[in-house]
Amino acid sequence: MSTEALVVNGLVKNFDGIRALVDFSCSLQQGEILGLIGPNGAGKTTLFNVVSGFIPPEGGKVTLKGKDVTGNAPYRIANRGLSRTFQNLRLIRQISVLDNVLLSFREQSGERLWNLFFRWRRSRDQEAANREEAMALLEETGLASKAGDPAEDLSYGQQKLLSLVCCLAAKSNVLLLDEPVAGIAPEMIDKMLGIIRELPSKGKSVMLIEHNLDAVMQVCDRVVFMDAGAKVSEGTPEEVRNDPKVIEAYLD
Amino acid sequence: MDYLLHILILIGIYVILSTSLNLIAGYTGLLSIAHAAFYGVGAYVAALMALKLHSPFLVNIICAVFLSGLLGAAVGIPSLRIHDDYFVIATFAFQVITFSILNNWVSFTGGPMGLPGIPQPSIFGLEISSHLAFLVLVGIFCALTLWITQRIVQSPFGRVLKAIREDEVFAQTAGKNVAAYKVLVFVIGAGMASVAGVIYAYYISFIDPTSFTVMESIFIISIVIIGGAGSLWGPVVGAVVLVTLPEILRFVGMPSAIAANVRQILYGGLLVAFMMWRPRGFLGEYAFHSGEARE
């Protein structure tokens, strides 16, 4: 068994002549926190979209826990144990905080019509168990008091926290976090980073995009710097920060 | 007395129609313009089977639901996998085609002359002939429709439907097979609409294609919007209001030739007024989209 949670190999993607990904390869080890940094338009979010199945690549391969998932539908990839958050925050704003978390549990018995009418008891019991687990997760992250509120009533930082909680509820072991701490209050950043730092001990591997370099330096085991769709530098946070190619790219 | 029962029976039929459309449009956010077509499929299946095969009511209702669901899948599977806009157009096309077939296949459907003389139903030897008996029958099917809908919308399945309505991308990220949910819910809604058609055919005992036009689809959509999309009791309120409203016109003493036209104006005006001032309808939790919530 390989210890690689996620491997992308030679990914290629163009948008109307703009090269978003140019033969991009990298891998995420089991239990690792990998930071993905680079200037705007470097293709970081495109990489997330390709890996999570929202954009089919023109070339290359995505391997999730040893299985080739290239070009699979997003829901299939999600059910193989990958969760992601979005830069522009996606939640179901009109339903409650708790319902957002409940929605994120995978393979629920009550999501099958047949069970709803012919195995109702089982669906109900599972729902009750999920509810308890969801409340525990909200308790841990300090969102429990907001459980009944519509998600849109949360502050921006709390919404980012909630989308992370949704990833946890999914019990995925590969998490792609797109700017988890961008634009939120400093104390919220600490809280968020605290949760992210604990993820490897829960058997999860994390790849995160972040412009806040301090945050990246704090939590990441390894950093990949990308520019114009290609990998420019890779190594420990220190190595990457001191790489002349990185300094040059940022100065450009 | 029979007049009052007649109104109540009509309300019951529209409760079934609008509740099933609410499942598709109100909870899942898919605008279907084919609801009258499925209503018509139910009515014609029941009428043809009763007239030509003399098969019993319950057999006919099962066949109608099955065929309607099958047609729902045939319309939904290709169109729902692409984009919601195609779905609206596909349902519109299905509506128009269904009407044309009912209207033009004279040897089979009777064409514009319709199918007269549909026999009264009997269930387990119980003759349904009086208005009161029909009201009980409609009431049972209304209750059944509402119960099934409630079971669906208050479950994890229903939670996924609402998620699809609000943000498909998020639903996919949460591992939900969005296309499959949409098709399934459309098939269920189509099946329920055909039940209303079966009851209508037996009750009126004469059907013709004019009961199943695009206008009828829009009328059902109006009930859902005015009553309140995405709430269980919204369509019930909507059905009561929109079915009784023209009857009130009759009491005002308006000649029926004018009343028919005023009715259309009234529905149109109401719909516009609700869209402008109360897009959530009487009871709804879901405002029909201004487009802002979607990308």
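I began with the overall dimensions of chain B. For 295 residues, a compact globule would have a radius of gyration near 19 Å, and chain B agrees, with 19 Å. I note that this is a predicted model. Along the principal axes, the C-alpha atoms of chain B fill a box of roughly 55 × 45 × 35 Å. I then looked up burial: 50% of the 295 residues of chain B count as buried. Next came the contacts in chain B with a separation of 6 or more. Residues 24 or more positions apart account for 76% of them.

**Elements of chain B.** I counted twelve helices and two strands. From the N terminus on, I read the order as α-α-α-α-α-β-β-α-α-α-α-α-α-α.

**Helix 2 of chain B.** I checked its span. Helix 2 covers residues 35–53, which makes 19 residues. From first C-alpha to last, helix 2 reaches 26 Å, close to the 27 Å expected at 1.5 Å a residue. Is helix 2 enclosed or open? I found 16 of its 19 residues buried, so helix 2 of chain B is largely enclosed by the rest of the structure. Just after helix 2, I noted that B:His54 takes a positive phi of about 55°.

**B:Gly72.** I located this residue in helix 3 of chain B, residues 57–80. I looked up its surroundings. B:Gly72 has 29 other C-beta atoms within 10 Å; the cut-off for buried is 20 or more, so B:Gly72 is buried. Which residues does B:Gly72 contact, leaving aside neighbours within four places in sequence? I listed B:Phe38, B:Phe186, B:Val187 and B:Ala190. I also took one C-alpha distance. B:Gly72 and B:Val185 are 9.6 Å apart in space, though 113 residues apart in sequence.

**B:Gln154.** I turned to a loop. B:Gln154 lies between helix 6 (131–153) and helix 7 (156–166) of chain B. I got 13 C-beta neighbours inside 10 Å for B:Gln154, so this residue counts as partly exposed. From B:Gln154 to B:Ser194, I found 24 Å between C-alpha atoms, at 40 residues apart along the chain.

**Contact between the chains.** I looked up both sides. Chain B puts in 21 residues and chain A 25 residues. On the side of chain B, helix 6, helix 7, helix 8 (168–173) and helix 9 (178–204) each supply at least two residues. Which helix of chain B gives the most? I found helix 7, with seven residues. By class, I sorted the side of chain B that touches chain A into ten nonpolar, five polar and six charged residues.

**Largest nonpolar core.** I found 160 residues here. Those that touch the most other members are A:Val101, A:Val165, B:Ala46, B:Ala47 and B:Ile199. Helix 9 of chain B gives the most to this core, with 19 residues. I followed up A:Val101. Not counting residues up to four places away in sequence, A:Val101 touches A:Ala134, A:Leu137, A:Leu138, A:Val165, A:Cys166 and A:Ala169.

**Strands of chain A.** I ended with the hairpin. Strand 1 (residues 4–15) and strand 2 (residues 18–29) of chain A run antiparallel and are joined by eight bridges. What stands opposite A:Glu4? I found A:Gln29, in strand 2 of chain A. Two residues sit between the strands of this hairpin, and A:Asp16 takes a positive phi near 45°.

Technical notes:
Residues are numbered from 1 along each chain as its sequence is written. Chains are lettered from A and ligands numbered from 1 in the order in which they are written. This is a predicted model: local features need pLDDT of at least 70, side-chain atom pairs count only at pLDDT 80 or more; totals for chains, interfaces and linings use all residues. Helices (H or I, at least four residues) and strands (E, at least two) are DSSP runs, numbered from the N terminus. A residue is buried if 20 or more other C-beta atoms lie within 10 Å of its own, exposed if 12 or fewer, and partly exposed in between; C-beta atoms are placed from the backbone. Two residues are in contact if their C-beta atoms, placed from the backbone, lie within 7 Å. Ala, Val, Leu, Ile, Met, Phe, Trp, Tyr, Cys and Pro count as nonpolar, Asp, Glu, Lys and Arg as charged, and the others, Gly among them, as polar. A nonpolar core is a set of buried Ala, Val, Leu, Ile, Met, Phe, Trp, Tyr and Cys residues joined through C-beta atoms within 7 Å. Two strands pair if DSSP finds at least two bridges between them. The radius of gyration is taken over C-alpha atoms; the globule rule is 2.2 Å times the number of residues to the power 0.38. The expected span of a helix is 1.5 Å times one less than its number of residues.
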